[in-house]
Amino acid sequence: MESELKVLFVEDQPLDAELCEHELRRAGLRFRSQRVYTRAAFIQALGTFSPDLILSDFSMPTDLDGFSALILAREQASQVPFVFVSGTIGEERAVEAMKAGATDYVLKDNLQRLGPIVKRALSEARDRRAVGRAQAALRSSETRFRSFMRHLPARASIHDLEGRYTYVNEVWEDAVGLTARDVVGKPYTEIWDAARAAEIRADDERVIETNQSLRRVVRRVEGAEVKWWLSHRFPIPGEDGGPVTIGSIALDITEQKLQDEKIERLNRIHAVLSGINSSNVPIRDTEKLLYEACRIAVDDGGFGLAWVGMLDSASGAISPKASAGLLEGEDTAANLIALSGRPRPGGRVERMLASGKPVIENELEAQPDLSPWLAEAVARGYRSVVVLPLNIAGEVAGNFTLYATEPNVFTHDEVKLLMELAADVSFALEYINTEQKLYYLAWHDPVTGIGNRTLLRDRLERAIQASRRTDSGIAVLVWDVKRFRSINGTYGRDVGDNLLRRIAGRVAAEWLALAETARLSADYFGGFMVDVQPSEVAHMISQSAASLAQPFVVGDHELHVDITVGIAFYPADGAGADSLLINAEAALKQAKLHNEPFLFYEPAINARVAEKLTLENKLRRALERNEFMLHYQPKVELQTGQVRGVEALIRWNDPEHGLVSPARFIPLLEETGLILEVGQWALNRALEDWRSAAQSGAPTPRIAVNVSAIQLRRADFVECIARTLSRAGGAEHGLDLEITESTLMESIGDNSHKLRELREMGVHFAIDDFGTGYSSLSYLAKLPVDSLKIDRAFIMTMSEEAQSMTIVSTIISLAHALDLSVVAEGVETEEQRSLLGALGCDEIQGYVFSRPVPWQDCLACCDASRGPR
């Protein structure tokens with residue numbers, strides 16, 4: 001709804017005003033009005049009533065007439081429409097009134113024109129106000145734009161798509177040396193040289209093509225100076241959104257760039273300082289120290305070349321000891337001597353030796369006399385060099401020389417930091433020369449050369465800190481040498497010390513998993529292993545027992561010793577190095593007391609480890625004594641009820657306990673690596689059984705043998721299977737291999753290649769325990785497999801849990817979509833058989849048809865499934 005108008009009548013006759021109001025209402029206008037007819041009242045109403053429309057009589061018998069009212073209105077309310085409504089105004093006077101600013105006029109005897117005229121006048125007034133506001137906004141915007149551009153601390157310009165400048169600010173004028181009058185209207189090709197114009201054209205084309213801004217840092221040589229500009233070029237759109245002009249702002253960032261470069265150089269030098277000072281264990285070798293200093297200067301500090309020379313006090317000559325930055329294969333000494341300026345008198349190194357202060361040259365190219373050594377440095381791209389003194393005991397003992405590829409690198413701040421660097425290297429050299437032996441003895445055993453208790457404790461604490469982050473276990477071992485004191489007393493200290501060194505060496509060779517080894521006291525040693533289980537430690541000690549028990553030949557003596565070990569585990573047996581070592585020693589004492597080769601601090605671990613070791617030994621004997629056997633479980637086709645294949649399942653017939661559950665011994669076979677031998681035996685046995693049945697002429701089902709992760713990971717896995725097939729009779733073998741989903745996905749690319757090679761030999765593959773792993777469908781579609789075996793966990797619960805039923809149904813659909821057959825494992829009830837048949841499962845395997853049985857019984861079962869002949 002339109003707002004209510006305020007209409008001011010300048011009329012001495014109330015009736016005439018009412019007639020006008022009537023016409024306005026007939027025209028549909030909503031208004032409120034006020035009538036005045038004196039000059040004072042009119043002036044007051046213009047201020048207080050603020051009319052939207054003035055309707056005025058022309059002649060009135062008061063101190064105010066129409067012309068006077070028009071003049072006052074134009075002075076105080078110039079935008080308000082002013083319409084004469086009069087019965088006496090003539091055409092000549094009406095024209096005069098219009099020229100004086102009246103909007104229109106209406107004769108009182110033709111008031112029906114009043115409504116349309118008022119509407120038009122109000123509309124035109126609104127338009128004028130809108131135009132006025134727009135013009136005022138434009139003027140304000142232009143004023144703000146020019147003020148902004150005048151105060152912008154950057155060069156700014158605008159040019160049209162033809163390249164003609166339409167605006168440049170004062171900073172642009174000052175920087176370029178041209179005024180706006182010189183350039184506005186001219187194309188940039190007349191202002192800049194050809195190269196710069198081509199650069200602008202390329203940037204413009206990119207901005208126009210993408211309709212996006214272009215921002216980059218530009219380096220320009222301007223006279224004798226190098227300037228850096230942050231350039232921002234952007235499209236200025238027209239009404240259709242496309243660019244009509246292109247704006248450019250360039251900010252001088254030279255000072256910032258120079259500061260950044262300086263900060264970068266200082267940071268590089270700080271990095272060198274930090275790198276040299278941050279070694280956890282101080283470097284105890286002079287050559288390594290000097291090499292590390294040079295390497296860090298080049299790698300972390302960004303210097304082109306670094307080298308250190310040491311002074312020969314006898315000859316007074318500097319000889320290079322370490323360097324970094326030279327090309328591989330260069331004659332290091334010759335090149336460094338050439339670069340240093342020796343033996344040229346007055347060379348940089350000589351000046352440093354004479355003054356004991358740094359020698360700096362920041363503009364190698366600007367040197368007036370390019371001597372051979374200087375020409376060599378410049379040819380290699382070096383522009384600055386500093387030679388720093390290395391001082392030992394207050395005397396110059398060598399030089400640390402750094403070359404940079406930039407000029408003016410070695411300013412006061414940089415050299416100040418580099419002197420700290422030289423001082424650190426000097427201190428390290430002096431420390432090595434004077435304190436090396438003391439430091440070594442603080443951390444190492446002087447007899448054996450391995451660490452001492454202090455070093456072991458330090459390294460163990462670090463390992464504990466790391467283990468807290470990774471949540472892994474640490475085994476701490478403490479062992480002693482039986483009869484050592486007797487040997488030492490009998491044969492003397494030299495023989496005893498030699499024996500200790502031999503023992504330390506043999507233990508390190510046998511116990512490769514030890515992260516650290518130390519001598520704790522006369523015949524006590526210690527060490528630790530990270531990320532291990534108790535069974536692994538016990539296995540390592542047991543496996544190395546025979547080797548460690550071999551006699552040691554020391555001089556003319558053959559010495560027999562035994563080792564007893566105590567073991568503590570982090571975090572179960574202690575939270576810190578001290579508590580773990582104490583508890584490991586306590587376990588050692590118990591082992592010695594009970595005459596055991598080793599014991600764990602926690603008794604329960606001893607029991608578990610002993611049980612495992614016993615079982616491991618029995619498994620080794622079982623393989624030797626042929627106690628393993630294969631039972632076979634048929635895989636039955638649901639549609640026909642016929643046996644289509646069998647799975648070979650290993651069984652252990654323990655003479656003491658009879659058949660042992662595979663769940664008890666197979667994990668240990670894998671842990672100890674025995675699965676490789678037992679797995680090979682199972683392959684041989686299965687192929688022998690198949691061959692014997694096939695040679696009899698009876699239909700023989702394919703035999704599936706399970707492959708463990710350890711077998712599949714072997715690089716020669718394919719070769720092993722190929723040799724086995726060859727020994728079994730060649731191409732006709734009926735062998736399938738079952739591999740669990742998680743094992744197959746460990747190294748999908750390598751495993752896929754292995755499967756393809758074996759597929760060419762006639763081997764078929766099934767993915768076992770499908771649904772429990774994380775197969776990618778894209779990989780699954782590419783693998784050369786024939787079938788999926790649904791994990792028994794889903795089959796057991798499918799009739800009670802809807803989720804299991806959904807998973808089984810999805811696996812079947814997925815397999816069929818990939819043209820794979822599906823075998824359900826662990827089918828034990830008729831209900832499960834029926835559900836699987838309804839879901840379209842191809843084959844089942846489980847007690848509902850047959851338990852795993854010996855080969856001959858399995859063959860009989862296969863014959864029975866085919867029905868009477």
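Predicted model: local features only at pLDDT ≥ 70, side-chain atom pairs only at ≥ 80, totals over all residues.
Trainee: How do helix 2 and helix 3 lie relative to each other: roughly parallel or roughly perpendicular?

Mentor: Two packed helices are described by the angle and the distance between their axes. The axes of helix 2 (residues 39-48) and helix 3 (residues 66-76) come within 11 Å and cross at roughly 25°. Angles under 35 degrees count as roughly parallel. Helix 2 and helix 3 are therefore roughly parallel.

Trainee: What is the make-up by class of the contact of helix 2 with helix 3?

Mentor: Helix 2 contributes Arg 39, Phe 42, Ile 43 and Leu 46, which meet Ser 68, Ala 69, Leu 72, Ala 73 and Gln 76 of helix 3. Sorted by class, the contact has six nonpolar, two polar and one charged residues.

Trainee: Which strands are the edge strands of the open sheet of five strands?

Mentor: The order of this sheet is 12-11-15-14-13, and its pairing is antiparallel. An edge strand pairs on one side only, and this applies to strand 12 (318-324) and strand 13 (359-361).

Trainee: Which residue in strand 15 is the bridge partner of Gly 309?

Mentor: Strand 11 (residues 305-311) and strand 15 (residues 395-404) run antiparallel and are joined by six bridges. The bridge partner of Gly 309 in strand 15 is Asn 399.

Trainee: What angle does the direction of helix 10 make with that of strand 12?

Mentor: Helix 10 (residues 286-299) packs on the sheet and touches strand 11, strand 12 and strand 15. Its direction makes an angle with that of strand 12 of about 50°.

Trainee: At what angle to strand 14 does helix 12 run?

Mentor: Helix 12 (residues 348-355) lies across strand 11, strand 12, strand 13, strand 14 (384-392) and strand 15. Relative to strand 14, helix 12 runs at about 40°.

Trainee: Is Thr 517 buried or exposed?

Mentor: Thr 517 is placed in strand 18 (residues 516-519). Beyond residues up to four places away in sequence, Thr 517 touches Ile 450, Gly 451, Trp 479, Gly 526 and Gly 527. Its relative accessible area is 15%, and the cut-off for buried is under 20%. Thr 517 is therefore buried.

Trainee: Is His 631 buried or exposed?

Mentor: His 631 belongs to strand 24 (residues 628-637). Apart from neighbours within four places in sequence, its contacts are Glu 647, Ala 648, Leu 649, Arg 651, Pro 852, Val 853 and Pro 854. Because its relative accessibility is 12%, His 631 counts as buried.

How values were computed
Residues numbered from 1 in each chain as written. Heavy atoms only, no water. Axes fitted to C-alpha atoms, helices over the stretch in contact; angles between N-to-C directions. Helix = DSSP H or I, 4+ residues; strand = E, 2+ residues; numbered from the N terminus. Parallel < 35°, antiparallel > 145°, perpendicular 65-115°, else oblique. Contact = heavy atoms within 4.5 Å. Nonpolar A, V, L, I, M, F, W, Y, C, P; charged D, E, K, R; others polar. Buried < 20%, exposed > 50% of the residue type's maximum accessible area, 1.4 Å probe, protein only. Pairing = 2+ DSSP bridges.
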